[in-house]
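Subject: A structure for you to look at

Hi there,

Here is the structure I promised to pass on to you. Please open it next to this email and follow along as you read.

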Amino acid sequence: AALGALEAACRRDQVARVDALARSTLEPAAARLLAAATAVLTTLGAPRRQPLAGWLTALSNALESSGAMAALQADAAGVQVIVALRLAEPDTNAATNAATWTAGAAQLVLGLSEFRDWVDGVLEQATFRPAAAFDAAPDVIVTPLAGAMLRPFAATVLPGADDKHLGTPASSVSLLSDAQAAALGVPTAADRRRAETLAFVQLLNAPRLTLLRRRVDGGDPLADSPLIERLSMALAARGTGLAAWHDPRSEIEVVATPIRMSAPSAPALLPARLSASACEALRACPYRFFALNMLKLREDDELEREVEKRDYGTWLHAVLFEFHTTREAPADAFAEVTWLLALAHASQQAQDIVDADFLPFAASFESFAPRYIAWLHLRDADGARWLSGEDEIVLTRDELGGTELRGIIDRIDERRDGAAIELIDYKTGSAAGLKEKVREPLEDTQLAFYAALMRSRTTLPLTARYLALDGTKRLEEVEHKGVEQSAAALLEGLAGDLRRLRAGAGLPALGVGSTCEHCAARGVCRRDHWADDGA
């Protein structure tokens, strides 16, 4: 239970490093587990350098203290790990050069990272070999054709008795020609064919022999093996032939049960609050809204040490917000770039992001900072002023039937003349995708959703745009034209959808194209298994 709580906290806070857990709020049992594990690891890594034998003793003690040694000893693979790492003396029969090993382990001095690399190397070279202990002789033995020679099998099955797998001419691709192979005493193609033929003939002595083959291999038809044809001709010359095989299994007719698109109805599960992403899911594919927002199904995020593009985007939002809250007035471009880079470095340290993990994003940000300041100065000259950022707004409307709309707007700007309010959403994706997104304004849910929220705070005209931050030459704005009309249409459509859902309307899986390609609920709707019968 403590381990589960600790892992849940790591996933919740996206913590992938032990030292970053100090910022997380842990349950008492999880905190005690973390303290105990930290004590074991601290003791293990305390010496800077020591002989390999000392490291192995420390590792064995750490495994004992954490309870892992007992688990390893109770597992077949774990026992082999213990032996491979020399944490226990190998069996007398397997012990070779023990004195040499002991002397070398006492003389080889390593640091912690070097010892870790040594452990990695040992385990990388080792292979798990499960114990093959049988109380009785096996009922079935799988062996190559050559391995069946002169063995007393009660019955034999030879699969793949076709012209591609049995008696087929040897491949001509070889480092040696037949003449060279003969000169070196290496089996030639003729020798290999003769050996295969002899092994097949020996197999005919089995009390019962079943020959099986497929009729096609993919789209290629298959014929009998040349050896089978020779056998058939030999039997025909004696007035007999191969007996036909009869399948002893019983046939069962299974009635087809095609899977088709479902449309579940669950008015009692409608969430009391909707975000922009939830509204977008409802509009793009009602079933995705049902799975993710009504059933609240979620995939566990992987705990990766590497910083991903999503993590960089979250970090970048925080840096820009802090920059604007501390920027009282426009200043020299160089000074502002320097200040932005300093805030970025401080934010990285505050979040315990290691330089090595953040290197590609740090290099990207260093080239981004001058472009952002240049774009910001153009905004200043155009009469725009940063008003607020990361602003959470909750909207309640009678026509929504009690459902709240909630969103966090990245940035809100104001014209100095008070003519309009501008909503800006930062995006670390390409500008081309954003342009495609706003090509049909009524299909862009996010900015329309933010405009609907902002309308509850101001009567000034509203404009909205995406800001593509990944441009190599300059930042690019992608405006959602007529966003107020889109916001009104969104609220009207959303109110109608919510009324129908409360009345029991179904939520079919209507998503197509990219909506399905990147959908976390795709496996739940079984779209890939729908019957293609036109029903």
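Below is what was found in it, from the whole chain down to a few residues.

A word on the ground rules: this is a predicted model, so local features need pLDDT of at least 70 and side-chain atom pairs count only at pLDDT 80 or more, while totals for chains, interfaces and linings use all residues. Residues are numbered from 1 along each chain as its sequence is written, and side-chain values use heavy atoms, with hydrogens and water left out.

**The whole protein**

The protein has 20 helices and twelve strands; these are DSSP runs numbered from the N terminus, with helices (H or I) of at least four residues and strands (E) of at least two. Its radius of gyration is 35 Å, whereas a compact globule of 535 residues would be near 24 Å. That radius is taken over C-alpha atoms, and the globule rule is 2.2 Å times the number of residues to the power 0.38. Along the principal axes, the C-alpha atoms fill a box of roughly 105 × 75 × 50 Å.

Of the 535 residues, 33% are buried. Buried means under 20% relative accessible area, exposed means over 50%, and partly exposed is in between (1.4 Å probe, protein chains only). As for contacts (heavy atoms within 4.5 Å), 71% of those between residues at least 6 apart in sequence join residues at least 24 apart.

**An aromatic cluster**

Now for the rings. A pair of aromatic rings is described by the distance of the centres and the angle of the planes. Rings of Phe, Tyr and Trp (its six-membered ring) pair if their centres lie within 6.5 Å; planes under 30 degrees apart count as stacked, over 60 as edge-to-face and the rest as tilted. The whole structure holds 14 aromatic pairs. One of them joins Trp315 and Phe358, which are edge-to-face, with 4.8 Å centre to centre and 70 degrees between the planes. Trp315 sits in helix 13 (residues 309–325) and Phe358 in helix 15 (residues 355–381), so this pair ties together parts that are 43 residues apart in sequence. Trp315 is buried at 2% relative accessible area, and Phe358 is buried at 1%.

Tyr372 and Trp375 make a tilted pair, because their planes are at 35 degrees, with ring centres 5.6 Å apart. These two are three residues apart in helix 15, about one helical turn, and both are buried. Tyr312, Trp315, Phe358, Phe361, Phe365, Phe368, Tyr372 and Trp375 form one aromatic cluster.

**Helix 11 and its neighbours**

In helix 11 (residues 276–284), the buried residues include Ala276, Ala278, Cys279, Ala281 and Leu282. What do the buried residues of helix 11 pack against? Their partners are strand 7 (273–274), helix 12 (286–294), strand 9 (404–415), helix 17 (445–455) and helix 18 (483–502).

**Some loop residues**

Leu150 is not a glycine, yet it has a positive phi of about 60 degrees. Leu150 lies in the loop between helix 7 (112–125) and strand 3 (156–158) and is exposed, at 71% relative accessibility. Arg526 also has a positive phi of about 60 degrees without being a glycine; it is in the segment after helix 20 (522–525) and is partly exposed at 36%.

Finally, look at Val186, in the loop between helix 8 (178–184) and helix 9 (189–203). Val186 and Arg273 are 87 residues apart in sequence and 77 Å apart in space, C-alpha to C-alpha.

Enjoy exploring!
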